[in-house]
Amino acid sequence: MYCLPEVLGFKEKLLYGAVGAAGWLGLTYIFYHDFLPGFISMLPFIYFFFRWIRKSLHEKQIQRIRREFQELIQLLSGAFRTGHSAENAMQEASEQLSMMEGETAYMVQVMQTMLTKMSLGEPAEQVWLSFADACEIEEVKEFAKAFALAKRSGASMPFILQKIASQLVLKVQTQSQIETMLAGKKLEQKIMNLMPVGILLYLSVTSPQLLSVMYETTTGKMIMTVCLFIYITAYLLSERITRLE
């Protein structure tokens with residue numbers, strides 16, 4: 001019911017598959033001057049390429065949902081401060097979030113599902129706890145627990161929501177600052193990742209005799225295979241180091 005949308009639809013799979021296949025064929029041609037190794041290793045590469053793309057898109061999806069959730073909490077806090085009940089506050093916040101993010105936004109769809117379940121008699125706190133159980137975002141789990149505790153204990157809902165909203169804003173701002181600090185390093189990383197391939201391509205075009213032994217002998221092909229493996233490993237390590245968890 002609260003499942004995240006699939007990040008790779010049919011069209012996206014075709015697009016990324018074509019880009020990945022073309023990139024892999026180009027890379028293997030640079031290292032071997034032959035398309036055959038690329039075709040032979042195409043299927044395993046595409047498999048791992050799709051796993052990497054899906055993970056990257058999923059991380060961006062989670063960040064977008066975190067931002068939507070932060071906006072939702074702020075809207076809920078404002079609705080509670082004006083004296084709305086939990087149900088009315090959620091309805092108002094859902095409508096405002098829909099105008100801000102669009103009706104197809106994930107948190108808007110979630111709120112509509114919650115409101116439907118509440119109209120059938122399910123308590124607001126139980127609806128939030130059910131969503132938290134199905135959600136992998138830690139902030140949602142923390143909020144659901146605080147919301148349920150406040151409802152059961154009669155604590156000040158606006159105060160609790162304001163505290164949670166402040167913490168979310170601080171976390172998002174911190175992540176944004178870290179991203180800004182890493183932006184220059186990520187650019188350097190991309191340049192360094194492209195340099196070995198660029199140098200190899202340049203030499204193979206301008207001075208083919210220098211690399212002919214690497215392309216025409218068995219020993220040379222083995223060395224190029226090791227170099228390709230080292231290059232891919234270094235690329236993946238650099239991506240992991242600069243990824244913001």
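Ala144 sits in helix H7; helices (H or I, at least four residues) are DSSP runs, numbered from the N terminus. The model is predicted: local features need pLDDT of at least 70, side-chain atom pairs count only at pLDDT 80 or more, and totals for chains, interfaces and linings use all residues. Residues are numbered from 1 along each chain as its sequence is written, and side-chain values use heavy atoms, with hydrogens and water left out.

**Two single residues**

- Ala144 has a relative accessible area of 0%, so Ala144 is buried. Buried means under 20% relative accessible area, exposed over 50%, and partly exposed in between (1.4 Å probe, protein chains only).
- Ala144 touches Trp128, Leu129 and Ala132, not counting residues up to four places away in sequence. Contact here means heavy atoms within 4.5 Å.
- His33 lies in the loop between H1 and helix H2 (36–40).
- The phi of His33 is near 55 degrees, a positive value in a residue other than glycine.
- His33 counts as partly exposed, at 34% relative accessibility.

**Nonpolar cores**

- The largest nonpolar core has 42 residues. Such a core is a set of buried Ala, Val, Leu, Ile, Met, Phe, Trp, Tyr and Cys residues joined through side-chain atoms within 4.5 Å.
- Leu76, Trp128 and Phe131 have the most contacts inside this largest core.
- At least two residues of this core come from each of H3, helix H4 (86–101), helix H5 (106–119), helix H6 (124–134), H7 and helix H8 (157–206).
- H3 gives the most to this core, with 9 residues.
- A second, separate core has 21 residues, including Ile53, Leu211, Met214 and Tyr231.

**H3 with H7**

- Helix H3 (residues 42–81) and helix H7 (residues 138–153) pack at about 20 degrees, with their axes 11 Å apart. Axes are lines fitted to C-alpha atoms, for helices over the stretch in contact, and angles run from 0 to 180 degrees between N-to-C directions.
- H3 and H7 are therefore roughly parallel. Angles under 35 degrees count as roughly parallel, over 145 as roughly antiparallel, 65 to 115 as roughly perpendicular and the rest as oblique.
- Arg66, Phe69, Ile73, Leu76 and Phe80 of H3 meet Glu139, Val140, Phe143 and Phe147 of H7.
- This contact of H3 with H7 has 7 nonpolar, no polar and 2 charged residues. Ala, Val, Leu, Ile, Met, Phe, Trp, Tyr, Cys and Pro count as nonpolar, Asp, Glu, Lys and Arg as charged, and the others, Gly among them, as polar.

**H1 with H3**

- The axes of helix H1 (residues 10–32) and H3 cross at roughly 125 degrees and come within 10 Å.
- That makes H1 oblique to H3.
- Lys13, Tyr16, Gly17, Gly20, Ala21, Trp24 and Leu25 of H1 are in contact with residues of H3, among them Met42, Phe45, Ile53 and Leu57.
- By class, the contact of H1 with H3 holds 11 nonpolar, 2 polar and 2 charged residues.

**H3 with H4**

- H3 and H4 have axes that come within 8 Å and cross at roughly 135 degrees.
- H3 and H4 are therefore oblique to each other.
- Residues making the contact include Leu72, Leu75, Leu76 and Ala79 of H3, and Ala89, Met90, Ala93 and Leu97 of H4.
- The contact of H3 with H4 divides into 11 nonpolar, 1 polar and 5 charged residues.
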